[in-house]
Amino acid sequence: MKDFRAHFSGALAATIVAFAQPAMAQETPGYNNKIPDTILTPNSFETRIGKLEFFDGSPSADTVALVYDNLDFMRGVETFLNGMPASSIEGLRRGSVELGATASNQVVIFDDLMDSDPIFLTGNTDTVYALAFLDLNRDGPTVVEIPEGSGPGTVNDAFFRFVIDMGAPGPDKGKGGKYLLLPPEYDGPLEAPIGGQEQDVEINGMIEKMFVTRSPSYVNWLILRGFLVDGKPDAASAMFRNGLRIYPLAEAANPPAMEFFNGSEKPFNTIHANSFEFFQELDEVIQREPIGFLDPELRGLFASIGIEKGQEFAPDDRMRSLLEDAVAVGNATARAIWIRSREEETYYYENSGWYTGFVGGSYEFLKNDGAGGRYLDARILFHYMATVITPAMVVPMVGAGSQYALLNVDETGAYMDGAKTYKLNIPADVPAKDFWSVVAYDPQTRSQLQTGQPFPGRNNQRHEMDTNADGSIDLYFGPEAPEGKDANWIQTVPGKGWFIGLRLYGPLEPWFDKTWRPGEIELVE
């Protein structure tokens, strides 16, 4: 037994020494032990922003300057990409002011439809728009009376988030009704969820039924649409002019008279800047809105480049130069995400260029039902080229709401050239209860393409188009109409690109189950 113990003890000691010796031999210079290479910083190394140099982990003065420039640049790019919803709403507000609409009872209405004169993100040529901006800080709780027969309507907050639907997809179901929008700080007895809730509201000693909601922001954008009757806008225009009312709840007994400004055939801009001015637009929103309307993470990002509530946005020459570069790169990034999305779920069909504006199928831009957090690229794609956030554009609503598909490339994947002629086949039995349309847009402005045609599109309610023997319709795009194809022709501009949007109002089941699909853009040789 003694011999065994002695032998075991000796073997154990030898093993310990054997394991210990390599560890001792691998000591990191300057340390008593081996330090993992993964936590050490080399004295110098090359990166995409240049050579970075350190003394034992401490950055040199040149490296400090270089990485701070890069950090401020990156945060500038991220501010452009993530602040876009706020600046987009601000662009729309400024456009309304340009036409004279500065109060909530002043409405921009497109009596003669929206033509290509306004710069307006992918606006349609097919419905009568009525647009108003509410200011819940100035006016307090605000009433919106919607007339019976109103088409899809929506209120979005100052960060372009959904607040409530009105009209056909709203709680009034197209029958008209009164809506009450409460400011962010409201703390009274009314229930006011996003999306609204009908309840009793006291007005001038009387109880009235209203759809009540509370917005996270002071400024809110109201957009209403009115359908054509016999292909004409007159009835919808009269409906809004005679039946739409917006007033502070406190002035319900004597509301201010409504004022309407016709936006048709008027050139004005509603789109955020892609230059340094973008940050100034964002700053105006941050200064105006309550702190709580954005989460601390987003506010911290904006504050990191100098946009902070209660503080003047006044970047020095160095910071301004970095932000000018940042907005240029941010703009290029947004364009790549929009036009050349790398997300497979962007596209409706395999081997097709048709894509959705709501990648991931969430109006809140949540990835995989929220498991993937915020779908950042989906939000960027949408807000760079479109407006209006509502479940009615996303949730399958057979026979109600609206659906959209966009196309930026031809069947070969090439961009469309305004000097060439192309064809698009729209198969028979388009699954749209109300109407369908195709509109051509400018990739620079993401607005209607400006040509000799004030309305660069075709609508099955407004236009008599030639139909093929199988019931399908061929649309033609080019600088001149092919012989005999004037009824189906949408004009383009040599030297410019273009893209299209397909709209289905009152979409039907074949759209959702994809048993019906539009053709691809074909070059006509």
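Is Lys34 buried, exposed or partly exposed, and what is its relative accessible area? I found Lys34 to be partly exposed, at 44% relative accessible area. I used these classes: buried is under 20% relative accessible area, exposed is over 50%, and partly exposed lies in between (1.4 Å probe, protein chains only).

**Basis.** I worked on a predicted model, in which local features need pLDDT of at least 70 and side-chain atom pairs count only at pLDDT 80 or more, while totals for chains, interfaces and linings use all residues. Residues are numbered from 1 along each chain as its sequence is written, and side-chain values use heavy atoms, with hydrogens and water left out.

**Entry: Lys34 and Asp37.** I looked up the partner of Lys34 and found a salt bridge to the side chain of Asp37, at 3.7 Å from N to O. I took a salt bridge to be a side-chain nitrogen of Lys or Arg within 4 Å of a carboxyl oxygen of Asp or Glu. Asp37 is exposed, at 56% relative accessibility. For the structure I noted 22 salt bridges.

**Entry: Arg318 and Asp69.** I recorded a salt bridge between these side chains at 2.8 Å, N to O. The pair links distant parts of the chain, with Arg318 in helix α7 (residues 317-339) and Asp69 in helix α2 (residues 61-98), 249 residues apart. Helices (H or I, at least four residues) and strands (E, at least two) are DSSP runs, numbered from the N terminus. Arg318 is partly exposed at 36% relative accessibility, and Asp69 is partly exposed at 29%.

**Entry: Arg320 and Glu324.** I then looked within helix α7, where Arg320 and Glu324 lie four residues apart, about one turn of the helix. Their side chains form a salt bridge at 3.1 Å, N to O. Arg320 is partly exposed, with a relative accessible area of 36%; Glu324 is partly exposed, at 36%.

**Entry: network.** I also noted one network, in which salt bridges with shared partners join Glu90, Arg93, Arg94, Glu277, Glu284, Arg288 and Glu289.

**Entry: nonpolar patch.** I found a nonpolar surface patch of about 290 Å², made by Tyr31, Ile39 and Leu40. Patch residues have over 30% relative accessible area and no salt bridge; like charges are joined within 9 Å, and nonpolar side chains (Val, Leu, Ile, Met, Phe, Trp, Tyr) within 5 Å. Accessible areas come from the Shrake-Rupley method with a 1.4 Å probe, and for residues only the protein chains shown count as cover. I placed Ile39 in the loop between α1 (2-25) and β1 (44-47). Ile39 is exposed, with a relative accessible area of 60%.
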